[in-house]
Amino acid sequence: MAEHRLLTKDFGTEGLQTLAVYERLGGYQGLREAFQRFTPETLVDEVKTSGLRGRGGAGFPTGMKWGFLPKDVFPRYLCCNADESEPGCFKDRKLIDENPHQLIEGLLIAAYALQVNIAFIYIRGEYFDQRLLLERCVEEARAAGHIGNDIHGSGFSCDVIVHGGAGAYICGEETALIDSLEGYRGQPRLKPPFPAIKGLYGKPTVVNNVETLSNLPHIVQRGGAWFKSIGTEKSAGTRLFCCSGHINRPGTYEMAMGTPIRELLEEECGGMWKDRSLKAFQPGGGSMQVLLPQHLDLALDMDAVQQAGSSLGAGAMVFMDETTCMVNVSMRLVDFYHHESCGKCAPCREGTYFESDLMHRLEAGACTSEELNTLADICDNMNGKCFCPLGDTATWFVMSAYKAFRDEFEAHCGAGSCPVRSGTAQLVTA
Amino acid sequence: MAADASPPMGADDGLVGITIDGKSTRVPKGTLVTDVATELGIHIPIYCSHPKMDPVAVCRMCLVHVEKMPKLQPACATYAADGMVVDTQRADVTKTREGMLEFLLLNHPLDCPVCDRGGECDLQDFAFRYGPPSSRFPITDKRHLNKAVVLSDRIELDQERCILCWRCTRYYDEITGEKELVLQERGIHTLINTFDGQPLTSVFQGNLPEICPVGALTHRQYRFKARPWDLQRAKSVCPECSYGCNINVDTRDFEVRRFASRDNPQVDDMWLCDRGRYSAESWNNVDRVRRPAVRRDGTVRDVSVSEAISSAARSLREVLDSSGAGSIAVMGSAQNTNEELWLLQRLARDVLGTPHIDHQLESFPGIGPAEHALAIADVEECSAVVVLGAEPEHEAPVLTLRLRKAATKRGVSVYRIDHDAGADAIGELPAQGVIGVIADETHRDHAARLCAELGRSHDVRRLTITREVNGRGAKDVGALPNSGPGYAGVGAGGKAGREILEAAAAGAIRALVVMGGSLWADGAAELVARAAAKLDVLVVIDTRPGPLSRAATVLIPGHAYFEKAGTVTNTEGRVQRLRAALPPATQTPTETRVLSALAAELGAAGWPADPLHVHRELVAAIPAYGLAGNGGRADFLVAATA
């Protein structure tokens, strides 16, 4: 089974970023069909039937998330989460760059299903060009009557507002995104109340990922049952995988769920570079636990990967070859969380600082082996105890790497320098 | 509370059954687990959560195990649910606590020995009780920040000591609404600061160091002045206004070092205003009347206190015999205790037989208990509150915080209108519920008219903000020319304060007894001088030198507010005890003893002399005070029907 192109099928078409080309290829038919064939309620049911799960990382069933909105509370808000900041993750940028109207159409379909009259696209501050592109596309769609009052005579009105973030990883967390959108410091809110009850401006709010929303035009046009037939029982549809690292063809590949990871690596990515062997890979972006070569036969299926002790997360695949120092990778990732910790809760703010300090000393070969226990202990004190998952995930990679490559960690203790890079340690221990 | 003493779970009484560490209880739905624990006597350490603010759950100290929950839950943000079983002692909970303390101490400076908070610091206390014995973090890698950020003329911030509990920013967001403090930067670099470096301007800044769980926010007035264990603490009432905020007076080396709040939910709700709080050091003023003295034939001579009292009695008797009771007047002040004022009005009415008694210069025609029907805490129960002019909140600043709480947390409509505006300035009032009307003493008449107007369609209750700490008590005990103890009628009545001084200046009043008059005399020095020049006898019992003490024929030193026991009554009628916080700056006995001795010299023996005994006589004579007890509210409208 090769790449399964659904969201990416028109990628590369010249001028796809313009409304004319998008419409020529059947664009905005999904929106029209949504108005013609569905009421908001039946549309929610259709999405439930499709088995679509959130593509932002947590994999929560989209239809169920929509169903949490209280029945009679208006206004409601919809936010598209385009704050893609996971290390190794770039699929949302690709979806916006290549086919922005697909996202806008999906957003409008969701807005119709949820009876939302103002939908926001919260886009990462660093995606500056993509923000300008989206703003232009929104204007185009507005001029064509896809956005505005009484869209296509349906009686449904919706406006779309593109909002740029200021460059914080935490703003991808939905409540922090909402705080940031409201103009506050982007920090997660205390839950409950959940955004579905009390979100943006204190009103019921749904936050959906770019890829999740981009699926909607296809679900509307071809039916929930059809969508469900792609992929596996519990992971329907396709997913975009952002493949990077020591591979021959890094890039974004759309695969049906359930395809073995090995196929993605060997057929799409062209295998490991320089004829080297795979040492480890991370299946879900910087947050997720490390997996080993023996896990290559796992299916690209949220539950299968979860059972192996990791997660598909936001669909970022980082492959590492035999020369990689796992302590070094851990250190770099810990530094990322240390930098991005919002500072709200003590274990994340102080814990990542402690972790980072320790990892730097470990990588420099200046730690004692006793301090490895300290590392495990502080990670245990953070994991599951932080205010939001940021602090928890700051421990996941390093702890899984410590478990799988314990010898390598221990070889660093007291070594005076990194033994992997200086060639004094065995390269592949797992 | 024993497990078997509580009713079975699932009973339909609007309560939920919850068990913490094997102790069960039933609590109203919506009670936080931490509050249940407190009720059960179980200690859960917390830094961020504060009883007066909404939960935020950022310090993660209070993580506890809740049955059926996969992760530990913050007790400060978890609501009790029926059948909930909580464990605060499991190994994972205690390990987490230790871990959080290690995190919080990671970058915390080891300057406890020079920290104002050392000795009363939650970080110290919890680290001692729950924390790890040492840090595993290399001390050389600690983060360093600014240790003395001047936030205003009153507050200084040590950013290194801050554990980012968010209490100060939430205080500004939720309690005062002024939003003067913000979080800046991100992650480990997060700082508390003012926006754009502007100084704080709030009049409630002094509460910040108190809600700070560590020594990050400090009072500039108190910085490096004392260690908590060197302080002597006395419970008292803030002397700066009639609102009656409860305070602890902390003294060291016989000087007042600071006022600390003493939460009374009925009055201050634990907040003090800066005017009150930072008046602390003014009580260390050494400019005092220290020795009794008598002036005869133009020369002033120090005498013993008994000689001074005898001399005062003799000269008062002379005037009484020569010119009659109507030529004698008595004046107290609104900073005297109820007991002193009670004896003072007895001296005037029962011994000297004069109707001329007052406690301040302004007169109060038509005074009655109806103008104090609304209690402070009842503001939250009103459907709407109308405040006349800026004066009530200027005179009693903490009222502002109560009004804000009522508006934001209880949905009370608060209308602030000009003090001369009518009901039409308010707009549509809620049809149901009690309407509160709050005015200051100057606008009593207008408040009365407005109440009459609103009273036609609504249940209206009025609160008059009295002046000075015991302005209300002085009126209740009858230190007024037109109203006796408990607002009893006094017939024709006597002269009010300013009239007494004018009459003295005109020669109609020959003798004047003044207790604590320096409170009003400084502002009327010219009138006092004119009166003193004509008076035959001027008996002054006072703490501070001034126009009165300089002109006195008999001068007896008084005990300052913090040097004596007694009670004062706040603006809503709450009778609150004062306890001596400092030794008296004079060797003369306290005012009640002086007045009792003076009465005895004038032929009225057997008066109580000790403030406690005077208080017993007072409550026996004024039933509303008997019902109020210690800390209760003297409600003359209720007492009249009881």
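1. Chain A of this predicted model contains 18 helices and eight strands. These are DSSP runs numbered from the N terminus, helices being H or I of at least four residues and strands E of at least two. The radius of gyration of chain A is 22 Å, close to the 22 Å from the globule rule for 430 residues, so the chain is as compact as a globular protein of that length. The radius is taken over C-alpha atoms, and the rule is 2.2 Å times the number of residues to the power 0.38.

2. Of the 430 residues in chain A, 57% are buried. With C-beta atoms placed from the backbone, buried means 20 or more other C-beta atoms within 10 Å of the residue's own, exposed 12 or fewer, and partly exposed in between.

3. A:Thr368 sits in the loop between α15 (346–363) and α16 (369–382) of chain A. A:Thr368 counts as exposed because it has 12 C-beta neighbours inside 10 Å. Leaving aside residues up to four places away in sequence, A:Thr368 touches A:Cys413 and A:Gly414; contact requires C-beta atoms, placed from the backbone, within 7 Å.

4. Chain B is assigned domain 1 (3–89), domain 2 (134–284), domain 3 (293–360 + 471–641) and domain 4 (369–465). The bounds come from an automatic or database domain assignment. Between domain 1 of chain B and domain 4 of chain B, the C-alpha centres are 38 Å apart.

5. Residues are numbered from 1 along each chain as its sequence is written, and chains are lettered from A and ligands numbered from 1 in the order in which they are written. Local features need pLDDT of at least 70 and side-chain atom pairs count only at pLDDT 80 or more, while totals for chains, interfaces and linings use all residues.

Methods
Two residues are in contact if their C-beta atoms, placed from the backbone, lie within 7 Å.
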